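Subject: Structure handover

Hello,

The structure we discussed is below, followed by notes on what was found in it. Please read the notes alongside the coordinates.

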Amino acid sequence: MGSSHKSQEGQQEEGEQGYVDAGGNQAAMYSCRCRTDTLSRAGQPNRQSAEKWHQPGEKRTRKGDRTVRYTLAIFDLDGTILNTLEDLTDSMNAALEKSGYPKRTIEEVRRFVGNGIRKLIERAVPQGTKKEDVDQVHRDFTEYYKAHCADKTRPYDGILDLLATLKEKGCRTAVVSNKADYGVQKLCHQYFEGLFDLAVGEREGILRKPAPDSVNQVLRRLQVRREDAVYIGDSEVDIQTAENAGMDHIIVDWGFRKAEFLREQGAKVIVSRPGEIAEIIQSGENQLTNL
């Protein structure tokens with residue numbers, strides 16, 4: 001992902017820093033303004049209004065005069081709030097089998113996920129598969145997954161309570177995922193109706209994580225400064241996304257990557273239960289820094 005790649009309008013915002021892509025390459029952080037859907041430019045707040053949302057050092061209080069460190073929690077989806085691995089594996093194998101390719105184990109699919117459906121498929125098909133054949137597997141996967149994305153998928157234990165607690169305390173919530181947007185919308189509607197202020201997945205013309213584009217969109221749409229938000233995920237892609245967006249992160253160890261690997265990838269705050277996320281957000285203290 002080089003610096004020649006640009007998001008929708010291809011204009012770099014003044015004062016924004018470069019970011020590192022998944023391959024460790026330096027790239028420019030571009031502003032992202034989506035043409036359509038829930039993040040259309042119509043009614044979108046300008047940067048100045050977002051910067052004034054909170055003044056530096058301002059005490060932020062919510063219901064019950066409870067101080068919170070972050071006013072927005074942005075979550076990854078797969079492996080963070082939803083265990084989607086079985087449905088992803090079943091869909092991948094249905095598509096592979098249709099083309100006569102060997103199936104993959106659930107542990108293989110666990111390693112393949114994180115960079116979007118296309119990358120999952122490219123990693124799952126046999127090495128040297130022609131592009132047109134990869135395209136066919138992609139189409140078959142999409143058809144199957146649309147019908148079966150919620151067969152075995154479930155929220156991780158404690159996630160619903162966490163989201164309800166954050167909502168009660170006045171901390172807004174959003175989802176930014178590399179999953180295709182149709183899957184994000186369907187799953188959030190089915191499992192988290194009314195619990196997220198905004199949810200976005202992979203869309204045409206918008207760079208995937210670890211590019212910060214979708215995160216920047218959410219910050220603008222909800223009028224929250226990045227220092228007042230925290231990004232929560234379960235993988236090295238999420239660590240890079242938070243870094244590229246200039247945000248704090250909280251990384252969970254119940255998802256698709258092990259804690260030791262996450263530490264090696266630069267995770268500074270790792271939690272083992274959803275309640276710890278609420279504690280950090282409410283207290284403003286990153287108590288889990290001895291990693």
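K103 counts as exposed because its relative accessibility is 52%; exposed means over 50% relative accessible area, buried under 20%, and partly exposed in between, with a 1.4 Å probe and protein chains only. K103 forms a salt bridge with E97, with 3.9 Å between the closest N and O atoms. A salt bridge here is a side-chain nitrogen of Lys or Arg within 4 Å of a carboxyl oxygen of Asp or Glu.

On conventions, this is a predicted model, in which local features need pLDDT of at least 70 and side-chain atom pairs count only at pLDDT 80 or more, while totals for chains, interfaces and linings use all residues. Residues are numbered from 1 along each chain as its sequence is written, and side-chain values use heavy atoms, with hydrogens and water left out.

Salt bridges

The structure holds 19 salt bridges. One of them joins the side chains of K152 and D90, at 2.8 Å from N to O. This pair links distant parts of the chain, 62 residues apart: K152 lies in the loop between α5 (131–148) and β7 (154–155), and D90 in helix α2 (residues 85–98). Helices (H or I, at least four residues) and strands (E, at least two) are DSSP runs, numbered from the N terminus. Both ends are partly exposed, K152 with a relative accessible area of 40% and D90 with 29%.

R273 and E279 also meet through their side chains in a salt bridge, at 3.1 Å from N to O. R273 is partly exposed at 41% relative accessibility, and E279 is partly exposed at 37%.

Sheet

Six strands make up an open sheet with parallel pairing, in the order β9-β8-β5-β10-β11-β12. Two strands pair if DSSP finds at least two bridges between them. At the edges are β9 (198–202) and β12 (270–271), each pairing on one side only. Strands β10 (residues 229–233) and β11 (residues 248–252) run parallel and are joined by four bridges; Y231 has H249 as its bridge partner in β11.

L262

L262 sits in helix α10 (residues 259–264) and counts as buried because its relative accessibility is 0%. Leaving aside residues up to four places away in sequence, L262 touches D234, S235, E236, I239, I251, V252, D253, R257, A267 and I270, where contact means heavy atoms within 4.5 Å.

Regards
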